[in-house]
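Me: I've just loaded this one and want to go through it piece by piece. Start with the terms, please.

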Amino acid sequence: MNQALAAEFGLDADEYRRVLDIMGRTPSFAELGIFSVMWSEHCSYKSSRVWLRTLPTQAPWVIHGPGENAGVVAIGEGLAAIFKMESHNHPSFIEPYQGAATGVGGILRDVFTMGARPVANLNALRFGDPANPATRRIVDGVVRGIGGYGNCVGVPTVGGEINFHPAYDGNPLVNAMTVGIAPAGRIFLSAAAGIGNPVVYVGSRTGRDGIHGATMASAEFGADAESKRPTVQVGDPFVEKLLIEACLELMATDAIVAIQDMGAAGLTSSSVEMAGKGGVGIELDLDQVPQRETGMSAYEMMLSESQERMLIVLRPGAEGIARAIFEKWELDFAVIGHLTGTGRIVVRHQGRIEADIPLAPLADQAPLYHRPTAPSPPPRPIGSLPAARLAEDLVRLVACPDLASRAWVWDQYDSTVGGQTVKRPGAADAAIVRVDGHRLALALTTDCTPRYVAADPEAGAAQAVAEAWRNITATGARPLAITDNMNFGNPEKPVVMGQFAGAVAGIARACIALDFPVVSGNVSLYNETAGSPILPTPAIGGLGVLADAAQAVGLAAAPGQDLVLLGGDPSHLGQSLWLREIAGQEAGPPPPVDLAAERRHGDFVRARIAAGGVAACHDVADGGLLVAIGEMLLAGDTGAVLGPAPDAAGFWFGEDQARYVLAVADGAALLAAAQAAGIPARLLGRTGGEGLTLPDGATISLATLRSAHERFFPALMES
Amino acid sequence: MKAVVTVMLKPGVLDPQGKAIGQALAHLGFGDVGEVRAGKVFELELAQTDPVAARNAAESMARKLLANTVIESFKVEIAGAATP
Amino acid sequence: MRAGIVVFPGINRERDMAIALERASGRAPRMVWHRETDLQGLDLIVIPGGFSYGDYLRCGAMAAQSPVMESIRAHATRGGHVLGVCNGFQILVESQLLPGALLRNASLRFLSMDCHLRVERADTDFTAHYQRGQVIRAPMAHGDGNYFADDATLDRLEGEGLVAFRYVAPDGSVTAAANRNGSARSIAGILSPNRRILGLMPHPEDLVDPLLGGTDGAPLFEGLAASLAA
């Protein structure tokens, strides 16, 4: 046992010295393994913690903020929504199907471990250049993996987002979000309590899967990434489904003191965190752990990332009732230890003590880094621009990878199971899922525009929060809280750390201004291959609530409606898709985020929807105003005639924030109401007919627009 | 005693998986591959020590569960049966 | 109507089905755990959708061997009604209560989208509240819905009028494009010879509420509730 071995485990010289200090002796192999995973970036947040502390996490409706397995907010009628988004980026590059599948499985467990029945999944995905042959293989595997797991486990996949950019060529992002519902008074936490209480293992058996997955997620890929294949875990959605049902059945009794899933770093992180949070000790007997393979060492069992396993602290004497439930569901159940008053984790195996570590210093003396930051270089200035050709540019934009129809993807995800999906993927700015047996509904979205964040981390991250808020607002729902999934490169590079710090500041600014706190999150660093980082991607998962699902508004316009732009005339072309796709430039500052305007405009829109009379609503985002109009027409299968308007590219394709397009029966009434409220508004035109007629008189048939919009994915994936 | 049960779609039943694999092989430059059929292999550890009894047991399992004889045919091999 | 929903491990549309049945009949169905064998007093047994036993061997194969299936067989032999949807349809063909098999979708991809179905006959307890030839919409969500049977079986099903639903275009015409999973003769659902067992792949139970996009599935359950009113 020495420094060189510690380095192989991912501990640097200073960290290894701390281990020696804490232990007062040379650690065993298993002990070193426990330190290395608990102090990995993935488990300890050692580079990000100082920044994450600055995020706003409070609101009257927040029941549990960050620090639990997932965030919990009150949604009314005595119910709570429990949700979180988490990355599974590194495994998804090595083995896209299993990486994505186990990502879905892991986030589901984070939510049902708190007592919630999962009711919706979403996914924020980023892939490399479509022209790169590897991209097709990764898209195929990730989409199949998400579908394969989510469809089987019976939780509808209702939304998400997909971007393509060469910066993700060697490092795709798979961020999975789960939302569940529980009675607000029946939330289960992970802090262990009750000395002598039994510690129980349930779920699948332990094998050698994914050993050191947590440390893999904490180091960047070299050229040998492909050869790391053996560490990838394999998911079993069938067992997960049984585990959900069995856990919820047990949670209906009073048998559980504390419960946590075995995620990254498996038995180690679950036992250490549960005992540590409860301020107790824990003793484990590994001979009792259900095993799938023979001859496993203590080190292997403690670090295994075999999927679909949970650790539970039971009330004394509750073993019988718990065992009966898990045996009914044909799941493994074993008492593998008990809580102690020693404040230490003691691991026994085959008659020997393999690990004996004091828990407080393992947590308190975990490394915490104030890594140096450096500002991002300013974005390239915008060069000379071609004149906008509205019809032609629109057809090209709706066909581009970042705007093309995602139907090919959605059509492989079961979005209706559960019988509560009010707005399916693509039907509204946020997915709408009703709460079983209630009129209440949740509005769910994931958002981030990484090119904005790369150009200006603070403004770009604030934009991501604002867009999530806007997407929820556009359905009529009240935004409540977010989960943030921070995907960045190597934090040891000052510019990357500066992106992270800037993004946290932007999220904080937007969350405070919009009353939209962060209640859970996940950080994924070292997203680099061969020294080249991804675009900074702070993906935001937003949750809102509607008192009555019947009030939810979609984005599909119908014939005979007035189209009204709210929020002011757009003009900002910096970092727009028009600039990238039509002018061939990734340049300029991202659109500024005026949070006061955002809030004023959004609150007006929500009030108009609540008052009735808004038939459809869509925010102006990627691609700008004309793309937003096109999307509303395609969704509603109607044409429109647009009236006189500026012919500048900035008006039609600028990506200014805080803007919505509404389809209403009476545009004049809406204009009057907006004027009274001091909100800029403009009548754009009226829906109807078979095509989109532009102010210059040119008409694009809906069929042309549709075929352009729907071409990309089938052409990429099925050719 | 070990039995190996191979289950294949019957001739005439469309095998889209086999077809897709065949196309993929062709894309990879294996142009001389004709029809591809995909199937399943089951390895069964059996308590029986008599090869005939083992075969009977495995065939019964195949008929009852491992194969759907509406669409699939199966073949049973007893490992080491040739050299008892 | 006293309905029972059979719950195998891995089934996941049992709640959707319960909502649809209760909405139509006013009575909550009984949830029947797969190890139960006593189905006395039930008029209708429903095997819902999902992934019984993970669909790991073949879809429905392991559930078809389960103890409750003998009781379902006896219920069917007594002339009782059985409805199998999606995985339930797969279980019914694996247990040979209905003929044929359900293969991987021709595209080899999971298909989750609304499809259009043509009601092929309205004189059954399942379709009594539809019109013959009516086109209805229903969500589908399956990886293995590609109906297969040999020509003789298909001819017999057609000849005896046992095809209940076919995948069609919105105008009711049978087209290759509308038959997304590649089913033989565009068959989406079939009946037993006594027309008391129906198996179908799409999910009428997920379209019984205007808020969720339509009510085209509701007449199936309302028709059953009216026929089996007790």
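Reply: Contact, or touching, means heavy atoms within 4.5 Å. This is a predicted model, where local features need pLDDT of at least 70 and side-chain atom pairs count only at pLDDT 80 or more, while totals for chains, interfaces and linings use all residues. Residues are numbered from 1 along each chain as its sequence is written, chains are lettered from A and ligands numbered from 1 in the order in which they are written, and side-chain values use heavy atoms, with hydrogens and water left out.

Me: Which residues does A:His438 touch, leaving aside neighbours within four places in sequence?

Reply: A:His438 is in the loop between strand 15 (431-434) and strand 16 (441-447) of chain A; helices (H or I, at least four residues) and strands (E, at least two) are DSSP runs, numbered from the N terminus. A:His438 counts as partly exposed because its relative accessibility is 28%, given that buried is under 20% relative accessible area, exposed over 50% and partly exposed in between (1.4 Å probe, protein chains only). Beyond those sequence neighbours, its contacts are A:Glu77 and A:Leu79.

Me: What's the phi of A:Glu77?

Reply: A:Glu77 sits in the loop between strand 2 (71-76) and strand 3 (79-87) of chain A. Its phi is positive, in a residue other than glycine, and is near 55°.

Me: Is A:Ser204 buried or exposed?

Reply: Look in the loop between strand 7 (198-203) and helix 9 (213-216) of chain A. Leaving aside neighbours within four places in sequence, A:Ser204 has contacts with A:Val239, A:Gln307, A:Glu308 and A:Arg309. Its relative accessibility is 14%, so A:Ser204 counts as buried.

Me: At what angle do helix 8 and helix 10 of chain A pack?

Reply: Axes are lines fitted to C-alpha atoms, for helices over the stretch in contact, and angles run from 0 to 180 degrees between N-to-C directions. Helix 8 (residues 133-153) of chain A and helix 10 of chain A have axes 8 Å apart, at an angle of about 35°.

Me: And which residues of helix 10 of chain A make that contact?

Reply: From helix 8 of chain A come A:Gly148, A:Tyr149, A:Cys152 and A:Val153. Across from them, helix 10 of chain A brings A:Pro237, A:Phe238, A:Glu240, A:Lys241 and A:Ile244.

Me: How much area is buried between chain A and chain C?

Reply: Of the two pairs of chains that touch, A and C have the most contacts, with 36 residues from chain A and 31 residues from chain C. Buried area is the accessible area (1.4 Å probe) that two parts lose on being put together, summed over both. Carbon and sulfur atoms give 49% of this one, and the total is about 2700 Å².

Me: What separates chain A and chain B at their closest C-alpha atoms?

Reply: No contact joins these two chains. Their closest C-alpha atoms lie apart by 11 Å.
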